[in-house]
Amino acid sequence: MLFQIFDAFKPRLHDSNSKVTQVALEAMHKMIPLLKDNLSPVINMLIPAIVDNNLNSKNPGIYAAATNVIQALCQHLDSSLLLQPFCTKAQFLSGKAKQDLTEKLA
């Protein structure tokens with residue numbers, strides 16, 4: 001069930017319409033404290049969708065929303081769930097996104 005929900009939700013995290021992306025990120029930020037470690041089955045799918053493009057976005061609303069989501073993940077999920085997906089993404093990012101994710105890893 002969780003996979004079906006997030007399979008449908010994931011494309012909204014990198015929609016071509018920036019307003020849709022921002023609202024999706026804001027919704028994700030609200031969902032994380034409610035779902036917590038129950039997100040573990042979908043975390044490897046979600047992190048790339050959250051990070052790709054959004055952490056390097058020139059749109060300040062999208063960047064802020066993505067940063068808030070990453071912060072919420074760090075606060076509410078077991079860090080062992082985040083270590084591998086964060087490391088994998090940090091290897092291939094550039095610019096501000098790489099810096100932000102590397103700081104979270106540290």
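## Buried and exposed residues

A residue is called buried when its relative accessible area is under 20%, exposed when it is over 50%, and partly exposed in between, using a 1.4 Å probe and protein chains only. Phe9 has 16% relative accessibility, so it counts as buried. Phe6, at 1% relative accessibility, is buried too.

This is a predicted model, in which local features need pLDDT of at least 70 and side-chain atom pairs count only at pLDDT 80 or more, while totals for chains, interfaces and linings use all residues. Residues are numbered from 1 along each chain as its sequence is written, and side-chain values use heavy atoms, leaving out hydrogens and water.

## The aromatic pair

How many aromatic pairs does the structure hold? There is 1. Phe6 and Phe9 form this pair, with 6.0 Å centre to centre and 85° between the planes, an edge-to-face arrangement. Rings of Phe, Tyr and Trp (its six-membered ring) pair if their centres lie within 6.5 Å; planes under 30 degrees apart count as stacked, over 60 as edge-to-face and the rest as tilted.

Both residues of the pair, Phe6 and Phe9, belong to helix α1 (residues 2-9), where they are 3 residues apart, about one turn of the helix. Helices (H or I, at least four residues) are DSSP runs, numbered from the N terminus.

## Helices α3 and α4

Two packed helices are described by the angle between their axes and the distance between the axes. For helix α3 (residues 43-51) and helix α4 (residues 60-76), the angle is about 150° and the axes are 10 Å apart. Axes are lines fitted to C-alpha atoms over the stretch in contact, and angles run from 0 to 180 degrees between N-to-C directions. The angle makes α3 roughly antiparallel to α4; angles under 35 degrees count as roughly parallel, over 145 as roughly antiparallel, 65 to 115 as roughly perpendicular and the rest as oblique.

On the α3 side, Ile43, Ile47, Ile50 and Val51 make the contact, and on the α4 side Ala66, Val69, Ile70 and Leu73 do. Contact means heavy atoms within 4.5 Å.

## Two threonines

Is Thr21 buried or exposed? Thr21 is buried, with a relative accessible area of 2%. Thr21 sits in helix α2 (residues 18-35). Leaving aside residues up to four places away in sequence, Thr21 touches Arg12, Leu13, His14, Asp15, Asn54 and Ile62.

Thr88 is found in helix α5 (residues 79-92). With a relative accessible area of 31%, Thr88 is partly exposed. The C-alpha atoms of Thr88 and Pro48 are separated by 9.3 Å, although these residues are 40 residues apart along the chain.
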